[in-house]
Amino acid sequence: LLSHSNSFGFEMEKDAAGCRALNRNYYCRRWFEVMTVQECIQYVESHLEIRPATDNGAYTSGRTIRPAGCVNHSVGCAQPSVDVFFNTMNKSSAGWGVNALLGDFHKGEGRIILALQWNGRPWGCGSGSKGSWNNTKVQWEICEPAGHTYAGGTMVGYDVAKNQGYFDRMWKMVVAWNVYMVKKFGYPISGISDHAESYRAGYGSNHGDVGQWWPKHGKSMDA
């Protein structure tokens with residue numbers, strides 16, 4: 001998404017160690033639209049609902065983290081409704097829980113529900129050979145459009161052309177949301193990841209999201 005390049009239009013500068021750092025004047029970019037940091041913040045806040053999932057185990061545990069990054073997930077099924085996923089998460093039996101849910105892009109610009117505390121410890125990416133990014137990274141699920149199925153981790157029957165509008169609206173929100181969270185917690189762009197990256201790094205379970213979806217529209221964590 002933003003973790004490896006400035007392909008979203010972030011102005012970056014190299015620090016002494018050669019790491020990417022945000023320039024004070026950075027901004028986020030779509031294919032045809034530029035948003036300043038303040039516009040990203042305003043866009044998020046105009047679509048944000050704080051609705052704690054008070055029955056979820058990750059919420060009731062009361063545990064918090066000091067975020068060093070984030071993990072972007074997609075839900076892995078053809079369900080665009082953010083309320084459906086909130087209701088699924090808001091159960092003591094859920095077994096998973098993330099800080100936020102992004103969806104309803106089939107209805108318009110979309111919505112974000114903050115379902116855990118801002119810095120609540122999520123039950124999101126599982127664990128890997130080195131530990132778990134649940135202990136260090138805030139996380140969210142992104143709803144997918146209707147109309148496809150899955151065979152293993154592969155989308156089947158996904159109509160790229162039909163879903164382009166959905167994807168564009170989702171993309172705008174996800175970029176703005178990632179900017180928002182970088183500004184809120186101050187973690188580096190290098191801390192932004194997806195579930196697949198958590199697995200490859202040894203800090204998550206073996207899932208492929210968001211790489212099973214975004215490349216169909218020419219996008220990825222790199223571009």
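**Exercise 1.** Among contacts between residues at least 6 apart in sequence, work out what share joins residues at least 24 apart.

*Solution.* Start with the contacts in this predicted model between residues at least 6 apart in sequence. Then keep those that join residues at least 24 apart: that leaves 71%. For background, the chain has five helices and twelve strands, and 49% of its 223 residues count as buried.

**Exercise 2.** Find which residues of helix H1 are buried, and say how they are arranged around its axis.

*Solution.* Step one: go through residues 37-45 and pick those under 20% relative accessible area. You get Val 37, Cys 40, Ile 41, Tyr 43 and Val 44. Step two: look down the axis of H1; these buried residues fall within an arc of 165°, so they line one face of the helix.

**Exercise 3.** Describe the largest nonpolar core: how many residues does it have, and which element gives the most?

*Solution.* The core has 50 residues, and those with the most contacts inside it include Leu 102, Trp 140 and Trp 177. Now sort by element: H1, H3, S7, S8, S9 and H4 each give two or more residues, with H4 on top at 13. Zoom in on Trp 140: beyond its neighbours within four places in sequence, its contacts include Cys 70, Leu 102, Trp 177 and Met 181.

**Exercise 4.** Characterise the largest pocket and its lining.

*Solution.* First, the volume: about 240 Å³. Next, the lining: 17 residues, with Ser 74, Val 75, Gly 76, His 207 and Asp 209 closest to the pocket's centre. Finally, sort the lining by type: five nonpolar, ten polar and two charged.

Key:
Residues are numbered from 1 along each chain as its sequence is written. This is a predicted model: local features need pLDDT of at least 70, side-chain atom pairs count only at pLDDT 80 or more; totals for chains, interfaces and linings use all residues. Side-chain values use heavy atoms; hydrogens and water are left out. Buried means under 20% relative accessible area, exposed over 50%, partly exposed in between (1.4 Å probe, protein chains only). Helices (H or I, at least four residues) and strands (E, at least two) are DSSP runs, numbered from the N terminus. The arc is that of the directions from the helix axis to the C-beta atoms. On a 1 Å grid over the protein atoms alone, a cavity is a set of points where a 1.4 Å probe fits but cannot get out, and a pocket is an open set with protein on both sides within 12 Å along at least five of seven lines; lining residues have an atom within 4 Å of a point. Grid points are joined across faces, edges and corners, and a volume is the space filled by probe spheres set on the points. Ala, Val, Leu, Ile, Met, Phe, Trp, Tyr, Cys and Pro count as nonpolar, Asp, Glu, Lys and Arg as charged, and the others, Gly among them, as polar. A nonpolar core is a set of buried Ala, Val, Leu, Ile, Met, Phe, Trp, Tyr and Cys residues joined through side-chain atoms within 4.5 Å. Contact means heavy atoms within 4.5 Å.
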